[in-house]
Amino acid sequence: MLDDLNALFWSSPALQKASRVLVILITGVPIVLLISRITAGILHRRLGQQGGDLLARIVRYAGYLLILIAILEEFGFNLGAVLGAAGIAGVAIGFASQTSLSNLISGLFIVGERPFEKGDIIEVGTFTGTVEEIGLMALTLRTFDNRSVRIPNETLVKTNVVTVTRYPIRRIDLTIGVSYNEAIDRVMKILREAAEDHPAVLDEPEPVIVFNGFGESTLNFMIGAWTTKEDVIRVKNGLPRRIKEAFDREGIEIPFPHRVLTGNRSMEPIPVVVVPDPKPPENGDKP
Amino acid sequence: MAATERWHERTLHDGEWLRADFGNLTLVVLSILEEWRVAALYGDQRQILDGLNMPPDDLPWQRWDRGEKDVKLQFRPTFPDRPVIVRPRSALHLSPRAMANFFVGIPAFIELNAHSEGQYERLNAWPSEPPSNTWHGTPISGTLCYSVKTRARRQFIPEDWQELSIISTIEIANSGAHTLPFERLFFETGHLAVFEHLGRLWSNHARIRTGEKDDSLSGVVFGQKPFGEAANAVELTPPRLGRVRRSMLKEAFSTFLGVSHPHL
């Protein structure tokens, strides 16, 4: 029985090819996966989680391509001839895939440069959101109103990208105008106290209070309070409220422009109606 | 010497509640429906409890599940969960080979441990005084710390510190060749235990030696007991990060660097 199978195997070229293909698959796929995993492990430390994953994926795809070529060659495909025949088509495809290639190369630059990581909050053009995935072709951003935005990598390389959460602490700047009747030193003191009293404002670096000059109808101040990136919203919401409360308590006026809206008729002259005196009664007539 | 009553184990049966005051902090604990419910109140918020037989439902409750037979709980003073920044009353310049001892009052956190299925579990810890955050490092990297409002002193003056402040003694020695300006100190409290002596909280003594080889590195040696007459204090809480004899602090005395001022 075994001898029969052995004879059948060695007499059938198709079976031999099939077994070679099987060996290529059984050995090739695990080797590719292993190399991809090792690549990811090495690159995670240098390029971060997302960058390591991306390059590991490229290695994996390249490995699969090599396996495919090896299998095709087993079935007699002459890859050189195929590629030569496909030369003209290749040029056409190359032109057509120019954008894709550009995105791919841009993706590699982003991974190498690491301007942001998965989970960072970034601003790109009119979009602000959390980086969900840095892909081969595009970045996926989840906006705060829970929309998914796909931004091509080429766009990220060409445009200004603000990484909001890059550094652990941030300064929140507010501009405030007060009445000309107020003493500048007193206003600065109240602003400082309002910042220092906020639990999420850091003692160090100290809040920055700057007198920004004389406005049209206000004395202008800038207050810059430092906080951790996790507490930014808390300070943005809480600090103006505390400043307003402190100003109200201390009787400091925040002037605002007054505007009087009038309709067209009210701008016309006030109509004056001359009413004739009632006719005096004639002599002899009795009322 | 035994710990004062506020740190003793307490028993709270189902449907019972207790109020525990720790300086500016009041913790309300209610045992009900196989739950520990705890509310932390500060300052004037505590007036809501006056004259009540049961705490109101609208307190800011935090809840933990417990077993049917779990009735034991215990409060413990602990150090803050972050490093602290300590400042002397005014900058002190330490000459080469000089040393100075400072007393620092660090507001304690109050940790609540309660039985869960017969075993003590840490539920949470609340600051006895709402702490103030500060940053040790540059705007690019650093460590979030708490800022100690009271200044470090050369003498122990009990009235200077609040009831629930942990009095830590720090000896600073300048082993370098240059004068050390001591304006602020980054102090990691994870290796300090909390003790009680005559109703006050103390930590074990710490010695910081700086400038021996590298100005940016300071060696810290932790004593086993508090300083001076508090040496026979009773230990209430072991160190959060374990007991060690030596540790290192990086940039312990550096002031904040790298802040750019706004454009005018």
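At what angle do helix 1 (residues 2–11) of chain A and helix 2 (residues 13–74) of chain A pack, and how far apart are their axes?

**View 1. Packing of helix 1 against helix 2 in chain A**. In this predicted model, the two helices of chain A pack at an angle of about 90°, and their axes lie 5 Å apart. Angles of 65 to 115 degrees count as roughly perpendicular, and helix 1 of chain A and helix 2 of chain A are therefore roughly perpendicular to each other. Helix 1 of chain A contributes Leu8(A), Phe9(A), Trp10(A) and Ser11(A) to the contact, where they meet Pro13(A), Leu15(A), Gln16(A) and Ser19(A) of helix 2 of chain A. Sorted by class, this contact comprises 5 nonpolar and 3 polar residues, with no charged residues.

View 2. Apart from its neighbours within four places in sequence, Glu74(A) is in contact with Lys17(A), Arg20(A), Val21(A) and Ile24(A). The C-alpha atom of Glu74(A) is separated by 73 Å from that of Pro240(A), a residue 166 places away along the chain.

**View 3. The interface between chain A and chain B**. On the chain A side, 16 residues are in contact with 20 residues of chain B. The two chains bury about 1400 Å² between them, and 61% of this area is on carbon and sulfur atoms. Within chain A, the residues that lose the most area to chain B are Pro168(A), Asp203(A) and Glu204(A), which together account for 37% of what that side buries.

**View 4. Polar and charged pairs between chain A and chain B**. Between these chains the count is 2 salt bridges. A salt bridge joins the side chains of Arg87(B) and Glu204(A), with an N to O distance of 2.7 Å. On the side of chain A that touches chain B, strand 6 (169–178), strand 7 (208–214) and strand 8 (219–228) of chain A each supply at least two residues. The largest share, 3 residues, comes from strand 8 of chain A. By class, that side has 12 nonpolar residues, 1 polar residue and 3 charged residues.

**View 5. The cis peptide bond from Glu204(A) to Pro205(A)**. The omega angle of this bond is near -5°. Pro205(A) lies in the loop between helix 7 (184–197) and strand 7 of chain A.

**View 6. Backbone of Leu33(B)**. Although Leu33(B) is not a glycine, its phi is positive, at about 50°. Leu33(B) is placed in the loop that runs between strand 3 (25–32) and strand 4 (35–42) of chain B.

Terms used:
Residues numbered from 1 in each chain as written. Chains lettered and ligands numbered in written order. Predicted model: local features only at pLDDT ≥ 70, side-chain atom pairs only at ≥ 80, totals over all residues. Heavy atoms only, no water. Contact = heavy atoms within 4.5 Å. Buried area = accessible area lost by both parts, 1.4 Å probe. Salt bridge = Lys/Arg side-chain N within 4 Å of Asp/Glu carboxyl O. Polar contact = N/O pair within 3.5 Å; in protein donor to acceptor, adjacent residues only side chain to side chain. Helix = DSSP H or I, 4+ residues; strand = E, 2+ residues; numbered from the N terminus. Nonpolar A, V, L, I, M, F, W, Y, C, P; charged D, E, K, R; others polar. Axes fitted to C-alpha atoms, helices over the stretch in contact; angles between N-to-C directions. Parallel < 35°, antiparallel > 145°, perpendicular 65-115°, else oblique.
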